[in-house]
Amino acid sequence: MTSRFSSTPRRRTVVKAVAATAAAAPVALAHAVPATAADLAPAFLHGVASGDPLPDGVLLWTRVTPGPDALPGSGRGADTPVRWEVAEDRDFTRVVARGDVTARAAGDHTVKADVRGLRPATVYHFRFSAGGAVSPAGRTRTAPAADAAAPGIRFGVVSCANWEAGFFSAYRHLAARADLDAVLHLGDYIYEYAAGGYPSGGGVRAHEPRHEIVTLADYRTRHATYKTDPDLQALHAAHPVIAIWDDHEIANDAWAGGAENHTPGTEGDWAARAAAARQAYFEWMPVRASTEGTVYRRLRFGRLADLHLLDLRTFRSQQTGIGDGDADDPERTITGRAQLDWLKAGLAGSDTAWRLVGTSVMISPVAFGSLPAHLLGPLVELLGLPKEGLAVNVDQWDGYTDDRRELLAHLTAHAVRNTVFLTGDIHMAWANDVPVQAATYPLSRSAATEFVVTSVTSDNLDDVLNVAPGTVSLVAQAAVRAANRHVKWVDMDGHGYGVLDVTSERTQMDYYTVSDKTRGDATAAWTRSYRTLSGTQKVERVNQPVR
């Protein structure tokens, strides 16, 4: 509602592949169990959130629990009037906008308010009320005016947060920063597995529901469980979040007609499962649905940058088998025709200094097939690959090379410069040039650059091998870089987040790692920084983070 001013998935396969290669050579918050509605009616048990900031507005979100029986996914509970307020100050003495919405069982008692009429590049505070209950207050920020010469923008960047695999300390550290314009979540906000399914044997806490989620009630319950985490609530209360989905919001290695982790005979119709997952996502996330009810959309931050957000699950063809030879088939797509044309037109038509692209899977080519035999051998044995085949991640753009070729050729033909891909998914941190021809790089040109952030908690190399950081990973990292000269850095050890700082002169990613994902009081430390200078289409190392 709007108001003007008023009074054995492939993801694990990739990490295990690297593991096989390597083996051959500021306030702590209590972590509580999910809250209940036992004696609270109504209540705001799942926090507040904002997202998708515009120059004149922002999307607000919360969930109301109207009574003890109205648990997420239950379909029970009375319609409940909810009031929202936006103020210039945290004490709400200068309220600039307010309105009313209704929380209904049909929407799992979640509510959204798409507030407009606000000032550009301005911090606001917001809250909700229902009956005698008042929600926690949140802080948000609008984007710069479309024609403003913004001096800089700064985003937190995260992906891959498996509830069972660890605590969300990365979110807590981002929530504590007062210098962010927004947080960009690049997918795998939730995971669909049964308790103990991934990582095998479980982790620090159990999923709810305990079974793999397949129905609308299941997805709602899983989202609700995530939003009881105090660090996640703190993140959403502190910054607007700009989110896209990857596969685990639905099922592992999802594509247009199914998923690796979906069995029609026992888990029902794929279209029904996917529709349920998407409905729950839009109910529980501060995201505006866009074309065809997907998450691809575009946001602008003055004349400094526009942000093109992709949906790489809804329209893609089924993943090819490794070694099948179908990765180059021009009939296969990762984006779908309409989305690829939309992206190409947006990049070529942009008048901003930078073109940022939020992509859930890596666009840079990465091949393991050229590794020495003593390293490739264990990889082949682990994955069961044909010995003459190339070891690539076919769930990434590597499995859909014609779309990548068309996009990079478009950037080259139209002299589109300063394109930076921002990526999650692979549970490692990377800094890459994006070559037009990887086989001949660096003789061939780089069309763009890519910064990949590691996972918040999901398993990486060390977790798979159960080894200490900086041991076998050093061998694997060196081997990957030697085989892929456009990869300037890869870190297979850490969990954490990135902070992206953009000015007219450069775009810089500062990488941070948490000390121990299994501890709720984990500290965070800066690890590395890389930047792209304007006009270069290449990454280079920087010796300190942006202050």
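Let's start with Arg-313 and Asp-246, both of which are buried. Their side chains come together in a salt bridge, at 2.9 Å from N to O. This pair links distant parts of the chain, 67 residues apart. Arg-313 sits in the loop between β15 (305-309) and α7, while Asp-246 sits in the loop between β11 (241-243) and β12 (254-255). Keep in mind, everyone, that we are looking at a predicted model.

How many salt bridges are there by this rule? The count comes to 37. Let me show you another, between Asp-229 and Arg-205, where the closest N and O atoms are 2.8 Å apart.

Arg-506 has a relative accessible area of 14%, and Asp-501 has 7%. The cut-off for buried is under 20%, so Arg-506 counts as buried at its 14%, and so does Asp-501 at its 7%. This pair belongs to a network of salt bridges that links Arg-154, Arg-177, Asp-179, Asp-501 and Arg-506.

On to a helix I'd like you to find on the screen: α9, residues 401-413. Its 13 residues reach 18 Å from the first C-alpha to the last, close to the 18 Å expected at 1.5 Å a residue. Which of its residues are buried? They are Thr-401, Asp-402, Asp-403, Arg-404, Glu-406, Leu-407, Leu-408, His-410 and Leu-411. As a reminder, an α-helix has 3.6 residues a turn, so residues three or four places apart point the same way. And what do the buried residues of α9 pack against? Their partners are α7 (337-349) and the strands β17 (419-423), β18 (429-435) and β19 (446-452). Just after α9, have a look at Ala-415, which takes a positive phi of about 50°.

Finally, let's zoom out to the whole protein. It has 11 helices and 24 strands. Of its 547 residues, 61% count as buried. The accessible surface comes to about 18900 Å², and carbon and sulfur atoms hold 53% of that.

How values were computed: Residues are numbered from 1 along each chain as its sequence is written. This is a predicted model: local features need pLDDT of at least 70, side-chain atom pairs count only at pLDDT 80 or more; totals for chains, interfaces and linings use all residues. Side-chain values use heavy atoms; hydrogens and water are left out. Helices (H or I, at least four residues) and strands (E, at least two) are DSSP runs, numbered from the N terminus. Buried means under 20% relative accessible area, exposed over 50%, partly exposed in between (1.4 Å probe, protein chains only). Accessible areas come from the Shrake-Rupley method with a 1.4 Å probe; for residues, only the protein chains shown count as cover. The expected span of a helix is 1.5 Å times one less than its number of residues. Contact means heavy atoms within 4.5 Å. A salt bridge is a side-chain nitrogen of Lys or Arg within 4 Å of a carboxyl oxygen of Asp or Glu.
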